[in-house]
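Subject: Structure handover

Dear colleague,

Here is the structure you were expecting. My notes follow below it.

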2 protein chains.
Amino acid sequence: MGATPMRPARVVVLGGGFSGLYATLTLLKELAGSDLAEVTLVDRRNYFTFTPLLPEVAAGTLGPSHVCYPFRSLSKKGRLHFIQGEVREFDLDEHVIGIENLAIPYDYLVVALGSTPYFFGNQELESHGLTLTSVADALAIRNHVIRLFERAVVERDPIRRRQLLTIVVVGAGPSGVEIVAELHHLIRSTLLAYYPVDASEVRMLLVDGEDRILPHFARELTDAGRTQLVERGIDVKLMTRVTGAGAQHVELNAGREIIPTRTLIWTGGTVPSPVLARLPAKRTGRGTVLVDECLRLPDHPEVYVIGDGSHVMDRRHERPYPPVAPVAIRQGVRAAANIVNALEGRGGEPFEFDFTGNLVGLGGGMALVNFLGITFHGRLGWWVYRMAYLQRLVGAKNKALLVLTLGLNALFDRDISCET
Amino acid sequence: MGATPMRPARVVVLGGGFSGLYATLTLLKELAGSDLAEVTLVDRRNYFTFTPLLPEVAAGTLGPSHVCYPFRSLSKKGRLHFIQGEVREFDLDEHVIGIENLAIPYDYLVVALGSTPYFFGNQELESHGLTLTSVADALAIRNHVIRLFERAVVERDPIRRRQLLTIVVVGAGPSGVEIVAELHHLIRSTLLAYYPVDASEVRMLLVDGEDRILPHFARELTDAGRTQLVERGIDVKLMTRVTGAGAQHVELNAGREIIPTRTLIWTGGTVPSPVLARLPAKRTGRGTVLVDECLRLPDHPEVYVIGDGSHVMDRRHERPYPPVAPVAIRQGVRAAANIVNALEGRGGEPFEFDFTGNLVGLGGGMALVNFLGITFHGRLGWWVYRMAYLQRLVGAKNKALLVLTLGLNALFDRDISCET
């Protein structure tokens, strides 16, 4: 009792998306059984969302319980504190974070606040676009689409009926491709079986300003994916900009084409979370924060910024790492390992990641896979896709539920109940 | 082609609760393969809700998919049209119903519009009471309770912490008893394991103006139920009226006791759906519609009114049948059979039902059962309860899901993710 024991270092992780979750998991694992540090995770929700499967939730293939994992389930396993709340302010000089009414002191801080949809300042698109970043978003899209079919059944005017049955998805990245494919599959496999609607009146569009879908994928794979979508009857409009929207239409190429529709699903762009703007740090024009190669703020080496809000150069390819889940996961692991290094008196190691693996599900048992430089698609791709996600899903319960649900889906039609 | 074939009679069922659903199911079954009639079901939601299991949804034991059954799944099986919409007006002389913008003609009409929570005109109770009549209600209660625990964890003032951890349930009928028991079980079995909260700070109250819980049950069973609840630490306040509420408190007995709380769950009373007030018919002071012994309006024998909105005398017991699911189901079957009788030129048969079976779940594998005059409680009661519900759940998918989920619940803790 003579010497005062060292108090544990306080490590605070802000945000429990992929990067924050993996930073937390790595810290808990590396610090297990040690008194070096206490870890506190802060998020505005009390659960992790497995966002890559949100298109399946929107299509009713999976339910919310398959893609949500409560953070407190981690706290049983180690020295984790969890606080549900929004980050209000950063005091980097005093080493304190304001979370609603609480002031949380830290010795090491991991800022992993993610991104939010970006509409390029277009108010019309922001008002009328449905986004797909949360379980609530996914359920809202699902309810909206099913409600459209309920209305189409009793609509006698064919023009208004076609408008109800037209779905426009903007953005041909992985989210946009998956949501258009999953909704197409929902409509073909289930809704057209239950609703007296003529299949020829259903129209689905995928719109993007670039000349290809899935720009981060190998060219041959994106061509295969596009062919797949077009063969299913999805209208893939490339080099086309969405310039406006109302309750009854979407405007393309500054008015050169008007699509009558009640449904604009927006996956057209993201920006770093607005909360990140309160962090006193240098940033790029996009709002991402400039960090050193060890993912730290140059002026505050005890502060790590990771995930979609971080600007990290990939030196081998002379471009910044893209804001995608595999990069976020690796950055979370790297930041946590560097904090453990610092706690144990070692120097930091630079972040490096050879980003080659990629998965996009196309619904109905098809997927595009780009894994370690090998690309394949079709039904084999789908199995790799399922197995890969099963590996990554966090909890044993989520895995068990997913397997059971995929089994039930094979036996039964999907649930078409909707909230009004 | 000489004689004009008889057109099928148009049977319209308004409302897809227990009584409307069973009227529809009976009509589809009795009319299968016949051209006598076409059946149209109208509901503001596109799915049936198995309301007796909503307390389990509120406690996270079951998910929405276990208790929802899309009406269109029935339309695959027979000659059923479904329309999602709200009833706006009744024209009994012209035999037309207004559903939003549609005018629906009928030859036979079944009015099964159910009931809605009633607050005895007390505006405070209506503003602050959480109800439990839909899946959305159940999820709102679940999210609210979990959010309270998230807030309690970071609340340093013990008085405010106790306020956050106090739950008041009003009404000791089956819904009130089940929800207080299920939430108690959720808190004891799951939340106290994950949240650093002192169990002694959690307080749960069940309040009712009568001198007993479960007034429709046999006395010995209600005594056993009350003992169960009290032994678990639930404060059962009988002969106590809830007279007011605010964001921070509930007022009992006109101010003689104030309970500091953020949570008032209201199962204290119901009235017939306000839509029923537009039906031109004689009604009681409570607003229930007077029908003849065959469940028809005396002036319009082609119009049947059934379920919670109907006033039917139980002649053997000299009292009206209570507004409970078993009565509603039997009335649906009776009304449908009488319509088939009329279509086939036979007279109507009076509604009679010896209402003896009753089930109340107490959470954690316990239930009270009153079945054909035999009463039992405890773990045996729970098995009867589960088996009885499994029999009644409408679809094969719901049954399969329920069995799988009960199995998963035995293996894993319940999901504590909450929407904010």
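Asp93(A) counts as exposed because its relative accessibility is 65%; exposed means over 50% relative accessible area, buried under 20% and partly exposed in between, with a 1.4 Å probe and protein chains only. This is a predicted model, in which local features need pLDDT of at least 70 and side-chain atom pairs count only at pLDDT 80 or more, while totals for chains, interfaces and linings use all residues. Residues are numbered from 1 along each chain as its sequence is written, chains are lettered from A and ligands numbered from 1 in the order in which they are written, and side-chain values use heavy atoms, without hydrogens and water.

Asp93(A) sits in the loop between strand 6 (87-91) and strand 7 (96-99) of chain A. Helices (H or I, at least four residues) and strands (E, at least two) are DSSP runs numbered from the N terminus.

On aromatic pairs: rings of Phe, Tyr and Trp (its six-membered ring) pair if their centres lie within 6.5 Å, and planes under 30 degrees apart count as stacked, over 60 as edge-to-face and the rest as tilted. By this rule there are 18 aromatic pairs over all chains. One of them, Phe18(B) with Phe48(B), is edge-to-face, at 5.2 Å centre to centre and 85 degrees between the planes. Phe18(B) belongs to helix 1 (residues 18-30) and Phe48(B) to strand 3 (residues 47-49) of chain B, 30 residues apart. Both Phe18(B) and Phe48(B) are buried.

Tyr321(B) and Phe351(B) are also edge-to-face, because their ring centres are 5.0 Å apart and their planes at 70 degrees. Tyr321(B) and Phe351(B) are both buried.

Regards
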